[in-house]
Amino acid sequence: MQNWRCSFIRLTILAFFTAFCLASIPAFGQTRVIEVLADKDSHFKMAGMSHAQITVKAGEPLLLRISARKGKTWNRDGTVHGFTLLRARDHRKVSGWDLELKPGTQEFSLTAPAEPGDYEILCTVICSEEHEGMRMKFVVLP
């Protein structure tokens, strides 16, 4: 009888320990939130970075939370910035990554490209004289 109780207690402790360890590991396919500021000075910015860059894993689910502030100019429809992802090697647009940003904060559920490599994000709305410099590096890891 004593042996049975010890085994039961050990199994219970092991079960709780296993459940605790599994709960601390991020779930497969869990969406990562990335926050970006498309600022009025025609620059993409990210907290804690002097040069904004996004690094993701191929096929990773993402939630882009982008806050956009009006620059000196904007489109007639109220779009103040664009957020378009291009392949670095051939400058082709990545399907589903051509976003139009209105003033305020917007969220976009996207999936990182399946092909690892270097990409570039650029603004597609002429937002000021500095518009051409509104770019950001985007890296997809295997």
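Author: Lys-137 has a relative accessibility of 39%, so Lys-137 counts as partly exposed. Please note that the model is a predicted one.

Reader: Which strand is Lys-137 found in?

Author: Lys-137 belongs to strand S9.

Reader: And which residues does Lys-137 touch, not counting those up to four places away in sequence?

Author: With those left out, Lys-137 touches Ala-52, Gln-53, Ile-54, Asp-118 and Tyr-119. As for Thr-55, the C-alpha atoms of Lys-137 and Thr-55 are 8.4 Å apart in space, while 82 residues separate the two in sequence.

Reader: Now Arg-135, please. Where is Arg-135 found?

Author: Arg-135 is also a residue of strand S9. Arg-135 is partly exposed because its relative accessible area is 39%, between the 20% and 50% limits for that class.

Reader: What is Arg-135 in contact with, leaving aside neighbours within four places in sequence?

Author: Arg-135 is in contact with Phe-44, Glu-120, Ile-121 and Leu-122, once those neighbours are set aside. With Glu-120 there is a polar contact between the two side chains, at 3.1 Å.

Reader: How far apart are Arg-135 and His-51?

Author: Their C-alpha atoms are 10.0 Å apart in space, and the residues are 84 positions apart in sequence.

Reader: Back to Glu-132. Which residue does Glu-132 form a salt bridge with?

Author: The partner is Arg-135, and the closest N and O atoms of that salt bridge are 3.9 Å apart. Glu-132 counts as exposed because its relative accessibility is 57%, whereas Arg-135, at 39%, counts as partly exposed. Elsewhere, salt bridges that share partners join Asp-39, Asp-41, Lys-45 and Arg-69 into one network.

Reader: How many salt bridges does the structure hold?

Author: There are twelve salt bridges in the structure. One of them joins Glu-35 to Arg-65, with 3.1 Å between the closest N and O atoms. This pair links distant parts of the chain, since Glu-35 lies in strand S1 and Arg-65 in strand S4, 30 residues apart.

Reader: Which residue does Glu-129 meet in a salt bridge?

Author: The side chain of Glu-129 meets that of Lys-72, at 3.3 Å from N to O. Again, distant parts of the chain are linked: Glu-129 lies in the loop between strands S8 and S9, Lys-72 in the loop between S4 and S5, and the pair is 57 residues apart. Glu-129 is exposed, with a relative accessible area of 61%, and Lys-72 is exposed at 56%.

Reader: A change of topic. In what sense do S1 and S4 pair?

Author: Strand S1 (residues 32-38) and strand S4 (residues 61-68) pair in the parallel sense, over seven bridges. Within this pairing, Ile-34 has Leu-64 as its bridge partner in S4.

Reader: What about S4 and S7?

Author: S4 and strand S7 (residues 104-111) run antiparallel and are joined by eight bridges. Here Leu-64 has Phe-108 of S7 as its bridge partner.

Reader: Leu-64 again. Which residues touch the most other members of the largest nonpolar core?

Author: Leu-64 is one of them, together with Ile-54, Phe-83 and Phe-138, in a core of 31 residues. The elements giving two or more residues to this core are S1, S3, S4, S5, S6, S7, S8 and S9. Among the contacts of Leu-64 beyond four places in sequence are Ile-34, Ile-54, Phe-83, Trp-97 and Phe-108.

Reader: Why would such side chains gather?

Author: In soluble globular proteins, nonpolar side chains tend to be buried together.

Reader: Finally, the whole chain. How many helices and strands does the chain have?

Author: The chain has one helix and nine strands, and along the sequence the pattern is α-β-β-β-β-β-β-β-β-β. Of its 142 residues, 35% are buried. The chain exposes about 9300 Å², and carbon and sulfur atoms supply 59% of that area.

Key:
Residues numbered from 1 in each chain as written. Predicted model: local features only at pLDDT ≥ 70, side-chain atom pairs only at ≥ 80, totals over all residues. Heavy atoms only, no water. Pairing = 2+ DSSP bridges. Helix = DSSP H or I, 4+ residues; strand = E, 2+ residues; numbered from the N terminus. Salt bridge = Lys/Arg side-chain N within 4 Å of Asp/Glu carboxyl O. Buried < 20%, exposed > 50% of the residue type's maximum accessible area, 1.4 Å probe, protein only. Contact = heavy atoms within 4.5 Å. Polar contact = N/O pair within 3.5 Å; in protein donor to acceptor, adjacent residues only side chain to side chain. Core = buried A, V, L, I, M, F, W, Y, C linked by side-chain atoms within 4.5 Å. Areas by Shrake-Rupley, 256 points an atom, 1.4 Å probe, with all protein chains shown as cover.
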